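Subject: Structure handover

Hello,

Please find the structure below, with the sequence alongside. My notes on what was found in it follow.

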Amino acid sequence: MNATPDHPELDQLSADLAGLLGRIGLDPSGERPTRRDRIDIRFAAAAARHPGRVAAQDSEDQATYLELDWLADDIARRLSGRTGPGSAVAVRAQRSCTAAAAVVGAMRTGAAVLPLEPGHNAGLQEFLMRDAGAGTVISDGGLLRDEIPVAKAGRFVIAVRPEAAVRREVPPETAFLALPSGDDPGRAPAVRPVTHLDVLSWVDACVPMLETGPDDVWTYFHSLSLDLGMREMWGPLLSGGRAVVVERETASDAREFARLLAEREVTVLTQLPSAFSRLTVAARGSSLPALRHVLLSDERVDAPVLAEWRASGIAPQAVVRDVSGPPTVL
């Protein structure tokens, strides 16, 4: 890391972080980490390179890479002995600038993350936690019945649950337990494992191709309970960029979302094509000169919507790609 003579406190923080990286097998002075197979390790490397940069911001606050790394480490310490490899931790996090710390903290124990939205039906949450065998919860959105708080880290409460009725051994390479898509009403919902490699392969395909880096601003629009949300968060946070958290009310109002894109000078936008269609209509007459990349995924892309987007001149510099599979320029 570069020396910071005017900020000796950052020197100490950087030294502390360098020690952490050494313990997990990374060289903080190197260009690339020696281990690149886990999201939490890759995030630690990004925090070592960009400690004072803003990693994420919401409508009320922001957090630097080092602040998120510290919080993640605190969460991991408080989870110690309660979970570990082969198990799952439920993360019930609001859309905020610190949500990523809860995810990384759980991963640092070796556990997989079961993402839950605070607004999800309590019965569905209970079912999914039983199906995943999640005995521990990290929440900043309240606790459910029978969840017993045992520790606190920042705004997050760590709670334990009664012995799960259904236990499962989670493969050690699992990063997330994805929620059911709901597209097959004839089947009971069941979580499925998404590996660290699944997520990192998407990041490693997109970031070099887009030539994005610390100066880029990405949206964090989708819920972590969606596959796209699992991938979207890590584009900026593993490349030194900044994630702008799109809160639920703004995400549901395409006109407000278009205003946010302009105000925060977003350069990389990730969208489901259905949401992109609504944005195209709402942003008519707007200008998004900073936007360089639009990444569409997980749904069919309608040619008329693309034609309308281009004709509108909303973002004349933006290249639109389908990233559901190998990235394709549309």
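**Aromatic pairs**

There are three aromatic pairs in the structure, which is a predicted model. In one of them, Phe-43 and Tyr-65 have ring centres 5.9 Å apart and planes at 25°, so this pair is stacked. Phe-43 belongs to helix 2 (residues 39-49) and Tyr-65 to helix 3 (residues 65-79), so the pair ties together parts that are 22 residues apart in sequence.

Phe-276 and Trp-309 are both buried.

**The chain as a whole**

The protein chain has 12 helices and 15 strands. Of its 330 residues, 53% are buried.

**Helices**

Helix 4 (residues 99-107) is mostly covered, with nine of its nine residues buried. Those buried residues run from Ala-99, Ala-100, Ala-101 and Ala-102 through Val-103 and Val-104 to Gly-105, Ala-106 and Met-107.

How are helix 10 and helix 11 placed relative to each other? Helix 10 (residues 254-263) packs against helix 11 (residues 273-282) at an angle of about 80°, and their axes are 8 Å apart. Angles of 65 to 115 degrees count as roughly perpendicular, and the two helices are therefore roughly perpendicular to each other. On the helix 10 side the contact is made by Ala-254, Arg-255, Phe-257, Ala-258 and Leu-261, and on the helix 11 side by Arg-278, Leu-279 and Ala-282. Sorted by class, this contact of helix 10 with helix 11 has six nonpolar residues, two charged residues and no polar ones.

**Two arginines**

Is Arg-231 buried or exposed? Arg-231 is placed in helix 7 (residues 227-232), and it counts as buried because its relative accessibility is 13%. The side chain of Arg-231 is joined to that of Asp-298 by a polar contact of 3.0 Å. Leaving aside residues up to four places away in sequence, Arg-231 touches Val-199, Trp-202, Val-203, Ser-297 and Asp-298.

Arg-300 lies in the loop between strand 13 (293-296) and helix 12 (303-312). With a relative accessible area of 68%, Arg-300 is exposed. Which residue does the side chain of Arg-300 make a polar contact with? The partner is Asp-302, through its side chain, at 2.7 Å. Asp-322 is 22 residues from Arg-300 along the chain, and the C-alpha atoms of Arg-300 and Asp-322 are separated by 9.2 Å.

To set the two side by side: Arg-231 is buried, whereas Arg-300 is exposed. Each has a polar contact with an aspartate side chain, Asp-298 for Arg-231 and Asp-302 for Arg-300.

Regards

Notes. Residues numbered from 1 in each chain as written. Predicted model: local features only at pLDDT ≥ 70, side-chain atom pairs only at ≥ 80, totals over all residues. Heavy atoms only, no water. Helix = DSSP H or I, 4+ residues; strand = E, 2+ residues; numbered from the N terminus. Buried < 20%, exposed > 50% of the residue type's maximum accessible area, 1.4 Å probe, protein only. Polar contact = N/O pair within 3.5 Å; in protein donor to acceptor, adjacent residues only side chain to side chain. Axes fitted to C-alpha atoms, helices over the stretch in contact; angles between N-to-C directions. Parallel < 35°, antiparallel > 145°, perpendicular 65-115°, else oblique. Contact = heavy atoms within 4.5 Å. Nonpolar A, V, L, I, M, F, W, Y, C, P; charged D, E, K, R; others polar. Phe/Tyr/Trp six-rings, centres within 6.5 Å; stacked < 30°, edge-to-face > 60°.
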